Amino acid sequence: MLIRRASSIKPSEITSHDLFLRRREFLRGAGWAVAGAALAPTLACGAEDEARPPAPVAGADANPFRTDETPTALEDATRYNNFYEFGTDKSDPQRHAGSLRTRPWSVAITGEVAKPGTIDLDALLRPHTPEERIYRLRCVEAWSMVIPWLGIPLAEIIKRFEPSSNARYVAFRTLLDPEQMPGQRSRVLDWPYVEGLRIDEAMHPLTILATGMYGQVLPNQNGAPLRLVVPWKYGFKSIKSIVEIRLTRSEPPTSWNRQAPREYGFFANVNPDVDHPRWSQKRERRIGEFKKRATLPFNGYADQVAALYRGIDLRKYF
Amino acid sequence: MMNPARRNRALQCTAIAVGLLPAAALIIAALTDDLGANPIERVTHVTGDWTLRFLLSSLAVTPLRRLFGWSWVAPLRRTLGLTAFGYACSHFLTYLVLDHFFDWRSIVEDVLERRYVTAGFSGFLCLVLLAATSTRAMMQRLGRRWASLHRLAYLAAVLGVIHFLWLAKADLREPLVYAAVLTLLLGLRLGFRLVRSRSRKPSPKAAKSQISGA
């Protein structure tokens, strides 16, 4: 895969592995932000001049489950949302999502599982302890955020229902109720919203079902009470307000792919080298920042997930 | 009663003041940190919206004059057109400076490869030509060609609406409203033209009957 080494990438993101290890020595016991700022010029020079193999730019996270990057302001993360069930303007979800009743809530687990059934959400969640995951979120519209989610690995939940060997995909469905979701009264999308993952993507440790963010219960406009988070894919894959998880043999239909197959693929992996037909995906605007930054392959999670797509032409299967 | 020159002046000043209101609201929002989570996107959208609104308003002047005989609205055409140009400039500058920060490579790529940018940019170039030839001196210098040149206003509006239609993700309702208004305005022009050509060139039969009647 071709990885661009653009000088516009922030130094903190193109730190090579050995530099990174040295940085840890410097930084032990020091404040990350302060030391990072002081070191930035040194690292920038090092990154430009040093002859080195094309290290994956995605290696910046010491811990992929919790990026060091500064989380987006909670205020912005809750007032700038794409959740067409409440309107197509990004300020609509905050204004209209109050009408969604998130309890009682049940989720149907169906399809290729030994123990299918419909289960109350609280019962579904009870055996698990939510973990905090600080992930980058890259929207297909070329903006991004950093969100501290609270969630449960999807794999842990799926395993409880004992998927059969025929389960090759996981399909998800959002609530369909125009009373609670006024945006569903206009047919901008074919409701209900549906999404899907390949089973290995669904079972990947980075993939979670989120129930909260910023240490709080998930706000309605962010997909309460239960949403998917797949950090290496464009945001529209991370379906909100889930009522059904179905294990399937074949690739399930997905909403945006059905809407515009040329523009939105089933995989929808974040990829700066494959532009959206109508706009560039090379760069993104991090909400709260002025200048655009380079978009990273697999949204910076290439080290964790690139192997899932070995041998696949990512330009064809975008 | 006010003399026509003073009335025109007053009308144009009012139009300019009204035209500046959205810009003022945007500046106040910027100063009070009230532009939302993505301020650059907000400024881009607002300046783009008002470009289209003022452009369509300027194209509505002549139909209003002809349909209702409101000759007093005529001087507004240029004022509204120039207001649209002002918003188009802010829209373009927002794109150039705030959105792309002079990243010429990606701007050129955008203009050449992204059809909605191509449409928007071409529309903007039309407006530049129109604004540059909007003075009385230019009008006199160009003479008859001025009117033909200024038909570019329709092209600019068509390109502007197409720009909006092509960038929409799934919800076409808002751009379609602009498209409907534009279609109506263009349809009216066509209607006027038909009526005029009929009244100018009476059919041979009508001409004959006129003669015999005389």
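Reply: Helices (H or I, at least four residues) and strands (E, at least two) are DSSP runs, numbered from the N terminus. This is a predicted model, where local features need pLDDT of at least 70, side-chain atom pairs count only at pLDDT 80 or more, and totals for chains, interfaces and linings use all residues. Residues are numbered from 1 along each chain as its sequence is written, with chains lettered from A and ligands numbered from 1 in the order in which they are written.

Me: Where is Ala306(A) placed?

Reply: Helix α10 of chain A covers 302–305. Ala306(A) is in the segment after α10.

Me: Is Ala306(A) buried or exposed, or partly exposed?

Reply: Buried takes 20 or more other C-beta atoms (placed from the backbone) within 10 Å of a residue's own, exposed 12 or fewer, and partly exposed is in between. Ala306(A) has 17 within 10 Å, so this residue counts as partly exposed.

Me: What separates the C-alpha atoms of Ala306(A) and Trp232(A)?

Reply: Ala306(A) and Trp232(A) are 74 residues apart along the chain. Their C-alpha atoms are separated by 9.6 Å.

Me: What does helix α2 of chain B reach from its first C-alpha to its last?

Reply: The expected span is 1.5 Å times one less than the number of residues. With 30 residues (39–68), 44 Å is expected for α2(B). The model comes close to that, at 42 Å.

Me: Where does α2(B) bend?

Reply: A bend is the angle between axes fitted to the seven residues ending at a residue and the seven starting there. In α2(B) that angle is about 30 degrees, and Pro63(B) follows within four residues of the bend, which is at Ala60(B).
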